[in-house]
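Please take a moment with the sequence and the model before reading on. The briefing that follows goes through them topic by topic.

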Amino acid sequence: MKKLLILIVFILAFSPIVFCITTAENNWTSYTTANFIIKKEKNSNGLSSPNLSMNLEKIYSTLRLNIGWMMNGKITVYIYSSYENYLKGEGENAYGSRALAYPLENTIAFYDNKENFTNTKQDIAHEIVHMFTTRYFNPDQDPNLDMPPRWIDEGMATLLEDSTSSTPENKVWDNLLLNNNIKSYKDEKKKDKKFTFSFNKKEEPEEDENIIYFTKFEDFFAENQNYSLNWYIQAYAIVRYLFNPYDSKIAKRKVQFEQFCELIKEGRDLEYALRKVYHYRNVNNLEQKFWKWYKKIQSQKDKEKKDYDFFLTI
């Protein structure tokens, strides 16, 4: 009997679901886990509650390994049974989105994407990062405080969104960075001056559809950009370089990024924070180092592809 009691206590302690309450009034079921209060609309058939709870906790654990210093408090999660109900429940803010974060309430909302749970996991991670980044940089939610810097907020969200994917093909932002031909704004200026000559006639060279020109870093950090896909890729790339450039398990770079964020939170100038933590003289020096890094990881990617292609021919 004593052994049975110990077993029951063990199961309750480590089970992802602590309790379940169905509210007949609004047709929602509530589950509490170690780090989440899950409110799920009934008749959502795509995901079972135990699997969902474990997946949420797995996402939380992955994020805690990377930004544990930002994370605190339980997260309330609203899961709608369909996209249509998600739009009805969250209003106009939900249009065009798959998930939303409410940092002040420590809450996220999304719908049960039955067709693609990989996307759902990435959306959850993305919104959780937004929530904790905002709460870290602006804990009082002061509307007059321009925090966090958008490039840090979006760069962190996209970077850690990828961290929830175990397969390379599902790492959306990594693929966007390495499967496109990323070039500096300087290369774009050179392109405008470059012509090929054939039969004494000037002809513009053929344009590579996969070329993406990054904005000059000084202009990028000015926060007056057009927030296009290219902008998001650049934010992802810069944060990846500052946070963990080579996907290392060594914590040094992540600790540096935490120190960097702390200085920005304190209101320190960007160049001061870069110089103090990373020993870059200024933004231009960061840009130079960044392009050396990018060429290195791009070369590594090309080498891996050639080796793989060669392997297929054996």
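Is Q141 buried, exposed or partly exposed? Q141 is partly exposed, because its relative accessible area is 24%, where buried means under 20% relative accessible area, exposed means over 50%, and partly exposed lies in between, with a 1.4 Å probe and protein chains only. This is a predicted model, in which local features need pLDDT of at least 70 and side-chain atom pairs count only at pLDDT 80 or more, while totals for chains, interfaces and linings use all residues. Residues are numbered from 1 along each chain as its sequence is written, and side-chain values use heavy atoms, with hydrogens and water left out.

**Nonpolar cores**

- A nonpolar core is here a set of buried Ala, Val, Leu, Ile, Met, Phe, Trp, Tyr and Cys residues joined through side-chain atoms within 4.5 Å, and the largest one has 70 residues, of which W151, L177, L242, F257, F260 and F290 touch the most other members.
- Helix α9 (residues 229-243) gives this core its largest share, 11 residues; helices (H or I, at least four residues) and strands (E, at least two) are DSSP runs, numbered from the N terminus.
- Leaving aside residues up to four places away in sequence, L242 touches W151, R253, F257, F260, L274, Y278, Y280 and L286, where contact means heavy atoms within 4.5 Å.
- Another core, of 8 residues, lies apart from the largest one, and Y80, Y86, A94 and A109 are among its members.
- In soluble globular proteins, nonpolar side chains tend to be buried together.

- Helix α4 (residues 117-137) has 21 residues and reaches 30 Å from its first C-alpha to its last, close to the 30 Å expected at 1.5 Å a residue, the expected span being 1.5 Å times one less than the number of residues.
- Because 16 of its 21 residues are buried, α4 is largely enclosed by the rest of the structure.
- The 13 residues of helix α5 (residues 150-162) should span 18 Å, and the end C-alpha atoms are 18 Å apart, which agrees.
- Helix α5 is mostly covered, with 12 of its 13 residues buried, including W151, G155 and D162.
- G155 belongs to helix α5 and counts as buried because its relative accessibility is 0%.
- Although G155 and R240 are 85 residues apart in sequence, their C-alpha atoms are 7.5 Å apart in space.
- Not counting residues up to four places away in sequence, G155 touches R150, A235, Y236 and V239.

**Strand pairing**

- Strands β2 (residues 28-32) and β3 (residues 36-41) run antiparallel and are joined by 5 bridges, two strands counting as paired if DSSP finds at least two bridges between them.
- These two strands, β2 and β3, form a hairpin with 3 residues between them, and T29 stands opposite K40 in β3.
- Strand β3 is also joined to strand β4 (residues 75-80) by 5 bridges, in a parallel arrangement, and the bridge partner of K39 in β4 is Y78.
- Strands β5 (residues 99-102) and β6 (residues 107-111) run antiparallel with 4 bridges, and L100 stands opposite A109 in β6.
- The hairpin of β5 and β6 has 4 residues between the strands, and N106 takes a positive phi near 55° there.

**Loop residues with positive phi**

- Q141, found in the loop between α4 and α5, has a phi near 55°, a positive value in a residue other than glycine.
- H279 lies in the loop between α11 (270-278) and α12 (283-313), and has a positive phi of about 65° although it is not a glycine.
- H279 counts as exposed, because its relative accessibility is 62%.
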